[in-house]
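Please read each point beside the coordinates.

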Amino acid sequence: MTDQQGVHAPSVSVVIATRGRPEMLRAAVKGVLGQDYAGAIDLTVVFDRIEIDLLEDIVIPEGQRRLQTLANTRSPGLAGGRNTGILASDGELIAFCDDDDEWLPSKLERQMSLWREDPAAVLISTGIRIATAGRLVDRLPPDRTEFSDLLKSRVTEIHPSSFLIRRSDVTGVLGLVDEDLPASYGEDYDYLLRAARVGHLRGVQDSLVVVHWNRTSFFDGKWQGIIDGLSYLLNKHPEFSESPKGSARIEGQIAFAWAALGRRAEARSWAARTINHDRSQLRAYAALAIAAHLVPAGPLVRAVNRSGRGL
């Protein structure tokens with residue numbers, strides 16, 4: 001398929017893995033199908049451990065738009081759901097959208113325009129508009145991101161709902177989403193690290209995905225899954241040992257989670273490890289405060305979320 005300028009518009013397979021958010025899911029589906037993009041879009045909605053909703057009330061726009069719904073046939077969780085959708089589709093490009101996010105109409109076209117300028121890029125993202133606590137907060141990704149950047153920082157502005165990747169890379173050098181990652185926690189960060197090992201990432205300098213943070217996350221309060229997932233990432237990517245600041249960031253999150261679980265000894269141990277790597281890492285001090293019963297974990301997390309940034 002070509003656009004109005006006669007430029008090839010690759011087909012895009014979009015995967016939404018979902019569990020229990022029917023109204024928000026419908027907004028996400030409409031955002032994907034309503035793209036101002038000349039190429040074909042096939043959307044696969046994967047239902048993870050819940051009954052399949054056929055979404056028969058969704059009006060599919062005329063043209064090359066397709067919607068299919070199916071059950072997660074792989075490991076339970078986000079990683080297995082995404083892989084189920086990848087393997088059930090055949091578009092030249094692959095994109096993800098969380099079931100509580102929405103694409104703005106020009107998202108795919110803007111990403112393809114940037115990719116045509118820089119075909120060597122491995123992954124193209126866009127900025128995000130965070131809807132939280134009655135306000136909107138725009139976050140733009142770096143124009144260019146390298147592996148060393150992602151070691152130092154998760155770069156949360158590169159959100160999984162904006163990922164656009166070549167299928168040939170997913171089925172080749174990058175591989176599928178890691179289903180061994182405990183609780184699928186951090187699967188998007190793991191994928192960014194893997195992609196940046198292969199080449200650089202680019203980001204459209206505009207907020208083209210609405211991310212809803214004024215809702216309950218499946219990870220809220222699931223501290224053990226966070227601990228297990230982040231510990232797995234530290235072990236999987238040994239390069240963190242070469243980045244004290246990057247190591248401290250993750251170690252501080254682990255310390256915070258242990259403190260939230262009431263495991264004071266583990267929280268203090270991980271906080272000490274964090275401070276040893278980076279004295280400025282605030283998560284370590286927050287963990288120590290929680291462990292000392294000076295402040296509860298919940299209000300701290302909610303305050304951070306209201307600011308438009310995650311834990």
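1. Phenylalanine 96 and phenylalanine 163 are both buried, where buried means under 20% relative accessible area, exposed means over 50%, and partly exposed lies in between (1.4 Å probe, protein chains only). This is a predicted model, in which local features need pLDDT of at least 70 and side-chain atom pairs count only at pLDDT 80 or more, while totals for chains, interfaces and linings use all residues. Residues are numbered from 1 along each chain as its sequence is written, and side-chain values use heavy atoms, with hydrogens and water left out.

2. Aromatic pairs are rings of Phe, Tyr and Trp (its six-membered ring) with centres within 6.5 Å; planes under 30 degrees apart count as stacked, over 60 as edge-to-face, and the rest as tilted. The count by this rule is three. In one of them, the ring centres of phenylalanine 96 and phenylalanine 163 are 6.5 Å apart and the planes stand at 45 degrees, so the pair is tilted. Because phenylalanine 96 lies in strand E4 (residues 93-96) and phenylalanine 163 in the loop between H4 and E9, the pair ties together parts 67 residues apart in sequence. Helices (H or I, at least four residues) and strands (E, at least two) are DSSP runs numbered from the N terminus.

3. Tryptophan 223 and phenylalanine 256 also form a tilted pair, since their ring centres are 5.8 Å apart and their planes are at 50 degrees. Tryptophan 223 is in helix H7 (residues 223-236) and phenylalanine 256 in helix H8 (residues 244-260), so that distant parts of the chain, 33 residues apart, are linked. Tryptophan 223 counts as buried at 13% relative accessibility, and phenylalanine 256 counts as buried at 3%.

4. Which residues does serine 162 touch, leaving aside those up to four places away in sequence? They are Phe96, Lys107, Gln111, Ile124, Ser125, Thr126 and Val209, a contact being heavy atoms within 4.5 Å. Serine 162 sits in the loop between helix H4 (147-152) and strand E9 (164-166), and is buried with a relative accessible area of 0%.

5. Alanine 71 belongs to strand E3 (residues 65-71) and is partly exposed, its relative accessible area being 33%. Not counting residues up to four places away in sequence, alanine 71 touches Val46, Phe47, Ile52 and Thr84. Between alanine 71 and tyrosine 185 the sequence separation is 114 residues, and the C-alpha to C-alpha distance is 21 Å.

6. On the surface, Leu282, Tyr285 and Leu288 make up a nonpolar patch with about 290 Å² of accessible area together. Leucine 288 is located in helix H10 (residues 282-291) and counts as partly exposed at 30% relative accessibility. Patches consist of residues with over 30% relative accessible area and no salt bridge, with like charges joined within 9 Å and nonpolar side chains (Val, Leu, Ile, Met, Phe, Trp, Tyr) within 5 Å. A salt bridge is a side-chain nitrogen of Lys or Arg within 4 Å of a carboxyl oxygen of Asp or Glu.

7. As to the overall fold, the protein has eleven helices and ten strands. Its radius of gyration is 20 Å, close to the 19 Å that the globule rule gives for 311 residues, so the protein is as compact as a globular protein of that length. The radius is taken over C-alpha atoms, and the rule is 2.2 Å times the number of residues to the power 0.38. Of the 311 residues, 55% count as buried.

Note on methods: Areas by Shrake-Rupley, 256 points an atom, 1.4 Å probe, with all protein chains shown as cover.
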